[in-house]
Amino acid sequence: MDAQGEHLAVRQLTASCTQDDVIAYLDTLAEQSDDAQRRSGTARLTVVMLDNASFHRGQAIRAREPIWAAKGMLLRYLPAYCPMLNRIETTWRRLKGFLMPRRCYDTVSELQAALLIALQALGATLI
């Protein structure tokens, strides 16, 4: 996913996603954005598209937005009930339908290995 500067970054969680997980992930992306700006010496904007999951919109997320914006990273939200605009839905469809057609894995580690290979085929960065 590198059309027009788009990039797929992935972080694996071993439990349900929480607002703290999202903040940690966005902190990492903001630091990468800030580092890229410093290396290039030019203003570079990173835009992160989020869906409307509650852990994407909480008060702690909103409180950190100015900090992330100062590092060149902005958050934008998809309209409600618009899965056709959510690029991750297309990515998951490709992963499940073409890159990982096997539907049953004997162990979680086999599933994880297959998923990592498929994500790498898409050019994803694992964070």
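This is a predicted model: local features need pLDDT of at least 70, side-chain atom pairs count only at pLDDT 80 or more; totals for chains, interfaces and linings use all residues.
**Exercise 1.** Describe how helix 1 packs with helix 3, and sort the contact residues by class.

*Solution.* 
- Step 1: The axes of helix 1 (residues 19-40) and helix 3 (residues 59-70) are 10 Å apart, at an angle of about 10 degrees.
- Step 2: Angles under 35 degrees count as roughly parallel, and helix 1 and helix 3 are therefore roughly parallel to each other.
- Step 3: From helix 1, the contact takes in Gln 19, Val 22, Ile 23, Leu 26, Asp 27 and Ala 30. Helix 3 meets them with Gln 59, Ala 60, Ile 61, Arg 64 and Trp 68.
- Step 4: By class, this contact of helix 1 with helix 3 has seven nonpolar, two polar and two charged residues.

**Exercise 2.** Which residues of helix 3 are buried, and what covers them?

*Solution.* 
- Step 1: Ile 61, Glu 65 and Trp 68 are the buried residues of helix 3.
- Step 2: These residues cover an arc of only 85 degrees around the axis, so they are on the same side of helix 3.
- Step 3: The face turned away from that buried side carries the exposed residues Gln 59, Ala 63, Pro 66 and Ala 70.
- Step 4: The cover over the buried residues of helix 3 includes helix 1, helix 2 (54-57) and strand 3 (73-77).
- Step 5: Just after helix 3, Gly 72 has a positive phi of about 90 degrees.

**Exercise 3.** Work out how helix 4 and helix 5 are arranged and which residues meet between them.

*Solution.* 
- Step 1: Helix 4 (residues 87-99) packs with helix 5 (residues 108-121) at an angle of about 115 degrees, and their axes are 10 Å apart.
- Step 2: The range 65 to 115 counts as roughly perpendicular, which makes helix 4 roughly perpendicular to helix 5.
- Step 3: The crossing of helix 4 past helix 5 is right-handed.
- Step 4: Helix 4 contributes Trp 92, Leu 95 and Leu 99, which meet Leu 115, Ala 118, Leu 119 and Ala 121 of helix 5.
- Step 5: Sorted by class, the contact of helix 4 with helix 5 has seven nonpolar, no polar and no charged residues.

Conventions
Residues are numbered from 1 along each chain as its sequence is written. Side-chain values use heavy atoms; hydrogens and water are left out. Axes are lines fitted to C-alpha atoms, for helices over the stretch in contact, and angles run from 0 to 180 degrees between N-to-C directions. Helices (H or I, at least four residues) and strands (E, at least two) are DSSP runs, numbered from the N terminus. Angles under 35 degrees count as roughly parallel, over 145 as roughly antiparallel, 65 to 115 as roughly perpendicular and the rest as oblique. A crossing is left-handed if the near helix is turned anticlockwise from the far one by less than a right angle, and right-handed if clockwise. Contact means heavy atoms within 4.5 Å. Ala, Val, Leu, Ile, Met, Phe, Trp, Tyr, Cys and Pro count as nonpolar, Asp, Glu, Lys and Arg as charged, and the others, Gly among them, as polar. Buried means under 20% relative accessible area, exposed over 50%, partly exposed in between (1.4 Å probe, protein chains only). The arc is that of the directions from the helix axis to the C-beta atoms.
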